[in-house]
Amino acid sequence: MLNTRWSNTVWPRTIWPRTIWPRKIWTVAALLAGFVLASACSSSDDSGSVTVYSGRSEELIGPLLESFEESTGIDVEVRYAGSAELAILIDTEGDASPADVIISQSPGALGFLAGQGRLVRLDDDVLDRVDSAYRASDGSWVGITGRVRTLVYNSDLVDEADLPDSVFDLTDSAYAGRVAVAPTNSSFQDFVTAMRNEIGDDAAGEWLAAMGANGSPNYPKNSAIVEAVGRGEVDMGLVNHYYNLRAIEADPEVASVNHFFPPSDIGGLVIVTGGAVLNTSDNADDAQALLSFLLDDAQQRTFVNETQEYGLVSGIGGPSGVPPLNEMTGGFSDTTIDFGLLGSELTATQQLISNSGIEQ
């Protein structure tokens, strides 16, 4: 039986190789879909166990972990916390870490652990479920879903003609005090790391400082920004696309709308969630089976339907009302940004943000 032994605490263009709130009650059909995977995903003796450190919330990932248990007979224990917090914890625990699998909200935490030598190379049958663009070049982690960075805006307060063509336009005085940001949020930090890689530290720092000087309101996370935009508390905000799709489903009359930047703009970054297996795991086969389960077509469709994120397995696609993922990945993004940077450069990015004055 799924055992959550620890409390739930807190710690999009694609980043490519080179260098929640819940939508609704998960459907019974989605949970039962996993049963057909028993022969493919179960351990050899059908009585294994796996400990998961999850940077994704219990409401989001819990039902799928329960389905995995039921369909394989493998017991799952989960610790929920922020992705970066869990990555640091694993590194601190070292060889004594009880974790078998880490599921991360962004690739930054996974890149950090890979850089610390804490991850194993995943099996080819797991890695091959997704395009090489959505996994680590060394096979140490694999993407599970994708989220696109967008500008959410209140359609009652903002004329569509006044929307920016680029995220760099937001430092203009016309947007002063109107664009909310979440400087301490991992997806914003991943976005800044990608920007640093694209335009350099000096220019990225100047953008951050200009946004701070422009009076960009601060919020702790994406969902808080979307709620504030929907209330008319702030005109616009930089978020991941799916938060507003969930807000619209909860209230179809809400005035918040996603504005997607063109593929040539870093403002339309695609950030993947991902999973990895620890090199200290005593249950590596069961751990690999869990990642394989999450990348099965049925579970990928559940992610799309229930979380409004993009599936990363070929043929799955994304939710209705958003551009196809291949339209978000043109321009320089195919060749110029390395997922690994999000881990290796995390501390430097956090320092750049702190020094810029954007945190208010």
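Before the details, a word on conventions: residues are numbered from 1 along each chain as its sequence is written. Because this is a prediction, local features need pLDDT of at least 70 and side-chain atom pairs count only at pLDDT 80 or more, while totals for chains, interfaces and linings use all residues, and side-chain values use heavy atoms, with hydrogens and water left out.

Starting with the chain, its secondary structure comes to 14 helices and 10 strands, where helices (H or I, at least four residues) and strands (E, at least two) are DSSP runs numbered from the N terminus. Of the 360 residues, 58% count as buried, and here buried means under 20% relative accessible area, exposed over 50% and partly exposed in between, with a 1.4 Å probe and protein chains only.

Let me turn to α14, in which L346, T349, L352, I353 and S356 are buried. These residues lie on the same side of α14, because they cover an arc of only 125 degrees around the axis, the arc being that of the directions from the helix axis to the C-beta atoms. The face turned away from the buried side of α14 carries the exposed residues T347 and N355.

What packs against α14 at about 95 degrees? That is helix α7, residues 186-199, whose axis is 9 Å from that of α14, residues 346-356; axes are lines fitted to C-alpha atoms, for helices over the stretch in contact, and angles run from 0 to 180 degrees between N-to-C directions. The two helices are therefore roughly perpendicular, on a scale where under 35 degrees is roughly parallel, over 145 roughly antiparallel, 65 to 115 roughly perpendicular and the rest oblique.

The contact includes F188, V192 and R196 of α7, and W207 and L208 of α8.

Finally, α14 is followed by G357, whose phi is positive, near 90 degrees.

Methods. Contact = heavy atoms within 4.5 Å.
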